[in-house]
Amino acid sequence: MISSQIVPFARRVWRIARTEIVALAALFVVAAGIMTFVELADDMTEADGRAFDQAVLLALRPGGSADGWGPPWLETAALDLTSLGGISVLGLFGVIVVLFLILQRKRLSALLLVLGLAGGVVLSEGLKAMFQRDRPPEAWRAVETINASFPSGHALLSAVFYLSIGVMLTRAFPQRRFKAYVLGVALLLTLIVGLTRVYLGAHWASDVLAGWSVGAAWAMALWLVAYTVQRRQAVHTRGPHDETLPDDPIPDTDPPVIGE
């Protein structure tokens, strides 16, 4: 190998290494999310787990009442923000984003987002039916609830939706600071939804932690599917995939790394 080829070769090796590291990190998130959920499901039946949930809820709802900690406006804000994880709001946002992706000929991304939300609903309802955990006492709740408590559906679905959108948007920005900002906003929205569910007395803290764990694992599993499909598209072009629009510049370099 001549010296003029060493630098391009080294850059290509580093690019491949970074790609595999990102894929391994996503796989780690999937495994960690599943293990965390299993641990939480086991702890919620034990005295220590119940004591933790009780302590958190009492701290946020002093005296076990429906009046939350802090000024009255804080509860009003929490009521507004918690709807960001509701099935109606996420369904509306999902339709808007899916239609946009289809117009942009991002068929694979649109399909995976639909599968992500639909799969998240199935996971949420299926796990609730399996564990049948009771909600916090009704006197503590500031919102109406309709099904079982474990895991939190709002936390699970917000993690799936916002994290999936965040990872998709990182591909649109080459600068690291923009990537970090997009992922930071996705994480912030997910955290806000989960925290408001506990603050409003709709869930125990472990319900929300379990919802975040399953949602993050499911979102990263879908990312790994997209990663695998895009790697195969380097050889095959059949099936749903994300196309480049005719008026978009087609790069004469290696395909972009997912999530880079």
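On one side of helix α4, Ser88, Leu92, Ile96 and Leu103 are exposed. Exposed means over 50% relative accessible area, buried under 20%, and partly exposed in between, with a 1.4 Å probe and protein chains only. The buried residues of α4 are Leu90, Gly94, Val98 and Leu101. These four cover an arc of only 65 degrees around the axis, which puts them on the same side of α4. The arc is that of the directions from the helix axis to the C-beta atoms. An α-helix has 3.6 residues a turn, so residues three or four places apart point the same way. The buried residues of α4 pack against α5 (107-131) and α6 (153-170). Contact here means heavy atoms within 4.5 Å.

This is a predicted model: local features need pLDDT of at least 70, side-chain atom pairs count only at pLDDT 80 or more, and totals for chains, interfaces and linings use all residues. Residues are numbered from 1 along each chain as its sequence is written, and side-chain values use heavy atoms, with hydrogens and water left out.

**Fold**

The chain has 8 helices and 0 strands. Helices (H or I, at least four residues) and strands (E, at least two) are DSSP runs, numbered from the N terminus. Of the 260 residues, 39% count as buried. Among contacts with a separation of 6 or more, 78% join residues 24 or more positions apart.

**Helix spans**

The expected span of a helix is 1.5 Å times one less than its number of residues. Two helices can be set against that rule.

| Helix | Residues | Count | End-to-end C-alpha distance | Expected span |
|---|---|---|---|---|
| α7 | 176-199 | 24 residues | 34 Å | 34 Å |

For α7 it is close to the expected value. The buried residues of α7 include Lys179, Val182, Ala186, Thr190 and Arg197. Just after α7, Gly201 takes a positive phi of about 75 degrees.

**Backbone exceptions**

Most residues other than glycine have a negative phi, and most peptide bonds are trans. Arg105 has a positive phi, near 60 degrees. Arg105 sits in the loop between α4 and α5. Arg105 is partly exposed, with a relative accessible area of 38%. Gln132 also has a positive phi, near 50 degrees. Gln132 lies in the loop between α5 and α6. At 54% relative accessibility, Gln132 counts as exposed. The loop between α5 and α6 also holds Pro151. The peptide bond from Phe150 to Pro151 is cis, with omega near -5 degrees.

**The second largest pocket**

About 360 Å³ of space lies in the second largest pocket. Of its 18 lining residues, the closest to the centre are Ile87, Glu125, Ile146, Asn147 and His154. The elements that give two or more residues to the lining are α5 and α6. The largest share, 4 residues, comes from α5. The lining divides into 5 nonpolar, 8 polar and 5 charged residues. Ala, Val, Leu, Ile, Met, Phe, Trp, Tyr, Cys and Pro count as nonpolar, Asp, Glu, Lys and Arg as charged, and the others, Gly among them, as polar. On a 1 Å grid over the protein atoms alone, a pocket is an open set of points where a 1.4 Å probe fits, with protein on both sides within 12 Å along at least five of seven lines; lining residues have an atom within 4 Å of a point. The volume is the space filled by probe spheres set on the points.
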